[in-house]
Amino acid sequence: MKIEKLPSGSYRIRKMYKGKTYTVITDYKPTQKEAIELMAEKLKKEETKSEHLTFQKAAESYVDLKRNVLSPRTIKEYSETVNRLPEWFLKLPVTDISQVDIDRLVNAMSKDKSPKTVRNYHGFVTAVLGRFLPNLKISTTLPQKIKSEPYTPSQGDVKRILEEVKDTPYEIPITLACYGMRRSEICALQPKDIDGDIVRVNKALVQDETKKWIIKTTKTTESTRTIIIPEELAEKIRKQGYVYKGHPGGITKHLEKVENKLGIPRFPLHKLRHYFASQMSALGVPEADILKMGGWETDHIMKSVYRHSMMDKEEQAKREAADKLRNSLFY
């Protein structure tokens with residue numbers, strides 16, 4: 001514990017306790033005994049205050065602290081997470097929460113939620129507790145991740161879809177998705193963002209925590225980028241004066257109708273970004289360029305969606321090598 005004289009003439013008593021620094025200010029120089037008593041009173045008040053702080057209040061406070069830092073969509077997801085946690089956990093005093101409580105929570109959620117959802121909820125819970133209980137050591141056994149090979153539509157499927165939506169309100173947004181744009185970016189795009197055949201991707205249409213649609217900056221710094229689209233597509237946008245006017249969900253719903261009509265395996269609009277990455281890889285475009293064009297934050301995310309395309313090329317290369325060896329041995 002330290003006793004320091006401040007420039008104002010006052011004295012400051014400081015003590016580190018359970019990973020947090022506590023301060024008491026006096027207008028006189030306290031003795032060591034007085035400093036200990038004043039700090040003990042301070043700590044008692046803080047502990048009493050913490051006893052009444054439930055996890056729900058702590059979580060809501062955590063979300064408020066992040067409100068001006070994180071995107072509206074993330075804040076919305078955090079708020080929804082708080083509302084979806086079990087009531088028994090929300091009512092627990094933060095100071096009483098232990099690893100046993102966290103294990104019980106994970107076990108309960110694992111009954112009806114996917115491993116990914118459980119992991120997301122656990123991440124939020126540990127972030128909140130880390131803010132209020134910095135010394136709590138959390139070591140939770142989480143449900144095993146489900147490995148799934150992402151379905152990517154074939155070039156033939158995409159061509160059939162684009163032919164089906166031609167001259168409809170959905171032609172432009174679905175085509176832009178094939179060039180690596182996210183739905184939120186497509187819905188925020190305006191003709192003024194297009195110069196010739198160059199598109200400036202610098203904003204997105206998302207929902208805030210009140211479910212109101214707002215325009216904000218792109219998802220990440222890497223998402224702000226320029227892409228090149230066919231001149232005829234750019235001209236069509238300029239001619240009609242807008243990109244898309246409907247509800248964002250309308251694009252996804254229409255895509256589902258087209259898939260059903262054509263007998264194509266169902267996939268969401270976002271999978272067309274996977275198609276874009278796969279096609280760029282198949283065409284031999286360097287990974288760094290694919291990363292920039294698609295606006296991916298990290299290369300492992302990008303690679304996860306086109307690794308099967310790379311595997312196909314590797315398989316083909318192996319077959320060609322095997323054929324050459326066979327010809328040299330037997331012909």
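Predicted model: local features only at pLDDT ≥ 70, side-chain atom pairs only at ≥ 80, totals over all residues.
Me: How do β1 and β2 pair?
Reply: Antiparallel, over four bridges. β1 covers residues 2-5 and β2 residues 11-17. K2 stands opposite R14 in β2.

Me: What lies between these two strands?
Reply: Five residues, in a hairpin. G9 in the turn has a positive phi of about 100 degrees.

Me: And β2 with β3, how many bridges?
Reply: Seven, again antiparallel. M16 has T21 in β3 as its bridge partner.

Me: Now the open sheet. What is the strand order?
Reply: β4-β5-β8, three strands with antiparallel pairing.

Me: Why is one side of β4 and of β8 left without a neighbour in the sheet?
Reply: Because β4 (194-195) and β8 (225-228) stand at the edges, each with a single partner strand. β4 pairs with β5 (residues 198-201) over two bridges. There, I194 stands opposite V199.

Me: Switching to rings. How many aromatic pairs?
Reply: Six. One of them is Y62 with Y78, tilted, at 6.3 Å centre to centre and 45 degrees between the planes. Y62 is in helix α2 and Y78 in helix α3, 16 residues apart.

Me: Is Y62 buried or exposed?
Reply: Buried, at 10% relative accessibility. Y78 is partly exposed at 22%.

Me: What is the geometry of Y62 and F124?
Reply: Edge-to-face: 6.0 Å between centres, 80 degrees between planes. F124 lies in helix α6, so this pair ties together parts 62 residues apart in sequence. F124 is buried too, at 4%.

Me: Which rings form a cluster?
Reply: F55, W88 and F89, linked by ring pairs.

Me: Where does the charged end of R273 sit?
Reply: Over the ring of W296, 4.4 Å from its centre. K245 lies over the face of Y242, at 4.4 Å from the ring centre.

Definitions and conventions. Residues numbered from 1 in each chain as written. Heavy atoms only, no water. Pairing = 2+ DSSP bridges. Phe/Tyr/Trp six-rings, centres within 6.5 Å; stacked < 30°, edge-to-face > 60°. Buried < 20%, exposed > 50% of the residue type's maximum accessible area, 1.4 Å probe, protein only. Lys NZ or Arg CZ within 6 Å of the ring centre and 35° of its normal.
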